[in-house]
Amino acid sequence: MLAEERRQRMVEMVAENDTVSVTEFANLFDTSESTIRRDLDRLEGAGLLVKVHGGAASVDSALTPAPFVAVEPTMAEKRSLHSSEKHVLAAWAAAQIQPDDFVYLDSGSTTQTIVEHLSDSACLATFVTNSVSLALSLANRGARTMVIGGDVKAGTEAIVGPGALDALSRYNFSKGFWGANGVTVEQGFTTPDTSEAMVKLESMRHTRERFVLADASKIGVVTPVTFSRFEDATLVTCGAVDPAISALSNVVEVSA
């Protein structure tokens, strides 16, 4: 196939599917990903598509803004939503924890569910969290647990503020798990609250392996504050996930 024919077909595929990954293009045309990226540069320059992280989007879909959600649900509300997906994600996360890990667990309903899936050996790890309720759950499993200091938010049960940031600055975690209210490639991982975003950002800065647990309902949603670029963590997701997202190199899709 000639290069011009390939590029024409690429434009048609993006128009038909809204988004297509570089890997999908390379496999279909039996060519290298670097060749595909050069094609995308040329096609974007011609205004025929829009490059996104890991692939391309149609011009129309790229111009359609992601849903914007500004309200932070309470923990009680979060626990009642997408319960089965939370357990799928939590079970995957719990399986990653080894006895010698130093683990950060973000405040949230999905991260709290991790405790239910910890094996006895995983409970030998050391845990730090900014959630009082999560810390109590860990302690009840016999895990060594530390809670960072700061101000407690009643609605989300999260510990935030200067004290929390100062405490986190002294730690170095081997693994960390966070929740997110919104996930897009362009805006990254987002949350409605600035104080919680600061704690998430600081804890991520001090963690070697970073995992954000978010089911498919969070993907394509934007909330007010970005706490991490999309490429700076591994997204662990489940549900009806867009294939273009699943194909990205830092995405793990899990199923029951």
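Trainee: How many salt bridges does a search of the whole structure find?

Mentor: This is a predicted model, in which local features need pLDDT of at least 70 and side-chain atom pairs count only at pLDDT 80 or more, while totals for chains, interfaces and linings use all residues. Residues are numbered from 1 along each chain as its sequence is written, and side-chain values use heavy atoms, with hydrogens and water left out. A salt bridge requires a side-chain nitrogen of Lys or Arg within 4 Å of a carboxyl oxygen of Asp or Glu. Over the whole structure, the number of salt bridges is 17.

Trainee: What is the N to O distance in the salt bridge of arginine 7 and glutamate 4?

Mentor: Both residues lie in helix α1 (residues 3–17), 3 residues apart, about one turn of the helix; helices (H or I, at least four residues) and strands (E, at least two) are DSSP runs, numbered from the N terminus. Arginine 7 and glutamate 4 also belong to a salt-bridge network with Arg6, Asp39 and Arg42. For the bridge between arginine 7 and glutamate 4, the N to O distance is 2.7 Å.

Trainee: Is arginine 7 buried or exposed?

Mentor: Buried means under 20% relative accessible area, exposed over 50%, and partly exposed in between (1.4 Å probe, protein chains only). Glutamate 4 has 53% relative accessibility, so glutamate 4 is exposed. Arginine 7 has 11%, so arginine 7 is buried.

Trainee: Which residue forms a salt bridge with lysine 175?

Mentor: The closest N and O atoms of lysine 175 and aspartate 101 are 2.6 Å apart. The pair links distant parts of the chain, 74 residues apart, with lysine 175 in strand β9 and its partner in the loop between α6 and β4. Both residues are buried. The partner of lysine 175 is aspartate 101.

Trainee: How many aromatic pairs does the count come to?

Mentor: A pair of aromatic rings is described by the distance of the centres and the angle of the planes. Rings of Phe, Tyr and Trp (its six-membered ring) pair if their centres lie within 6.5 Å; planes under 30 degrees apart count as stacked, over 60 as edge-to-face and the rest as tilted. By this rule the number of aromatic pairs is 10.

Trainee: Why does the pair of tryptophan 92 and phenylalanine 211 count as edge-to-face?

Mentor: The ring centres of tryptophan 92 and phenylalanine 211 are 5.5 Å apart. The pair is edge-to-face because its planes stand at 70°.

Trainee: Which strand holds phenylalanine 173?

Mentor: Phenylalanine 102 and phenylalanine 173 are both buried. Their ring centres are 4.9 Å apart with planes at 40°, so the pair is tilted. Phenylalanine 102 is in strand β4 (residues 102–105), and 71 residues away in the chain, phenylalanine 173 is in strand β9 (residues 173–179).

Trainee: Over the ring of which residue does the charged end of lysine 200 sit?

Mentor: A charge sits over a ring if NZ of Lys or CZ of Arg is within 6 Å of the ring centre and within 35 degrees of the ring normal. The charged end of lysine 200 is 5.0 Å from the centre of the ring of phenylalanine 227.

Trainee: What is the relative accessible area of histidine 206?

Mentor: Histidine 206 is found in the loop between α10 (194–205) and β12 (207–213). Beyond its neighbours within four places in sequence, histidine 206 is in contact (heavy atoms within 4.5 Å) with Leu168, Ser169, Tyr171, Asn172 and Phe173. Histidine 206 is buried, and its relative accessible area is 14%.
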